[in-house]
Amino acid sequence: MEVITTINEIRTRIAKEKKAGKVIGLVPTMGYLHRGHQSLIEKARKESDFVVVSIFVNPLQFGPNEDYDRYPRDLERDKIMAKQAGADLIFFPSVNEMYPAKPKTFVEVNELTAQLCGKSRPGHFRGVTTVVSKLFHIIQPDMAYFGLKDAQQVAVIQQMVQDLNMPITIIPCPIVREEDGLALSSRNVYLSPEERNQATILYQSLQKAKEWIEEGITETRILKDRIRSVIETQSLARIDYVEILSFPSLEPVGEINETSQTIIALAVWFGKTRLIDNLIIDRNEV
Ligand code: AMP
């Protein structure tokens, strides 16, 4: 698997592919790849001609007390996983390559970043949109693939691309889960066996919510209370948020049917690990 670490070199390489008429697909990641990332790469493989996977643990999107230092990293394993899924190239810049000096320019999306993870992790989305803009400028993809595991991120990036007229199609991809429902995440390796067991409650509570909605309970206040009660049955779970908002506009809703799409979004701590999950409900399905 070809790995390029400098901006100059990747620019030259991409220019060559573009000249040959290739459609460029980008899958931005922080590495430690799993089947969730691979599903994005596989989709990019099907829909574009030249697939770039970027691997960069972006310090700008981590808070001072977050897990930047201990975030799992394994390039050799990532190379195998990326190749298996059909990537053509890995862009793997150093922090110094991406931020040779302290940046003074940032990209910030308002409103959509005021709730959910934006509220719990101040500055997080500013780091995400800044680095994704940089990657878009460097690689100039035609399409970029993002997982709905991070649904707020998808909404924020789509808004950024629209507001700044970036000529890139954002492709949202479905959440890939373990057999017991836990959404795949590079951070799952932090979980102790007991935490890992209890973490299935996120998916279970979303499934319960779906059942309640199908039974006709559509008031979001009631649904949120019930979801909280389900999560709280697990001794190690500490809820960060349980929210139900319109999607992708991320505004409060009183009833599930109020807008065409509604997101039930969860963030729950297990020990030192914060897990997120969500379910997007389509009005037509209710
Ligand atoms: P990360 O490396 O965690 O920053 O994730 C890189 C990309 O992979 C993001 O667009 C994520 O939303 C996506 N992703 C991570 N986990 C999953 C998953 N379980 N299913 C689908 N996409 C995922």
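Domain bounds, as used here, come from an automatic or database domain assignment, and in this predicted model such an assignment divides the chain into domain 1, covering residues 2–173, and domain 2, covering residues 186–279.

How many residues of each domain take part in the contact between them? On one side there are 21 residues of domain 1, and they are in contact with 18 residues of domain 2. Together the two domains bury about 1,800 Å² between them, and 58% of that area is on carbon and sulfur atoms. Within domain 1, the residues that lose the most area to domain 2 are R70, L116 and K149, which together account for 31% of what that side buries.

The polar side of this interface can be followed atom by atom. Between domain 1 and domain 2 the count is one salt bridge, and you can find a salt bridge where the side chains of D67 and R187 meet, with a distance of 2.7 Å from N to O. The two domains also have ten residue pairs in polar contact between them. By residue type, the side of domain 1 that touches domain 2 divides into ten nonpolar, six polar and five charged residues.

The model also holds a ligand, with 17 residues around it, of which H37, G147, D150, V176 and L184 come nearest. Three of these residues can be examined through their backbone atoms. In G147, a backbone N or O atom lies 2.9 Å from an oxygen atom of the ligand. In V176, a polar backbone atom is 2.8 Å from a nitrogen atom of the ligand, while in L184 a backbone N or O atom lies 2.9 Å from a ligand nitrogen atom.

Finally, two places in the backbone deserve a careful look. Most residues other than glycine have a negative phi, and most peptide bonds are trans. In this model, however, a cis peptide bond joins F247 and P248, with omega at about 5°, and P248 is found in the loop between strand 7 (237–246) and strand 8 (261–270). The other place is Q140, a residue other than glycine whose phi is positive, near 50°, and Q140 is found in the loop between helix 6 (124–139) and strand 5 (143–147).

Notes: Residues numbered from 1 in each chain as written. Predicted model: local features only at pLDDT ≥ 70, side-chain atom pairs only at ≥ 80, totals over all residues. Heavy atoms only, no water. Contact = heavy atoms within 4.5 Å. Buried area = accessible area lost by both parts, 1.4 Å probe. Salt bridge = Lys/Arg side-chain N within 4 Å of Asp/Glu carboxyl O. Polar contact = N/O pair within 3.5 Å; in protein donor to acceptor, adjacent residues only side chain to side chain. Nonpolar A, V, L, I, M, F, W, Y, C, P; charged D, E, K, R; others polar. Near = heavy atom within 4 Å. Helix = DSSP H or I, 4+ residues; strand = E, 2+ residues; numbered from the N terminus.
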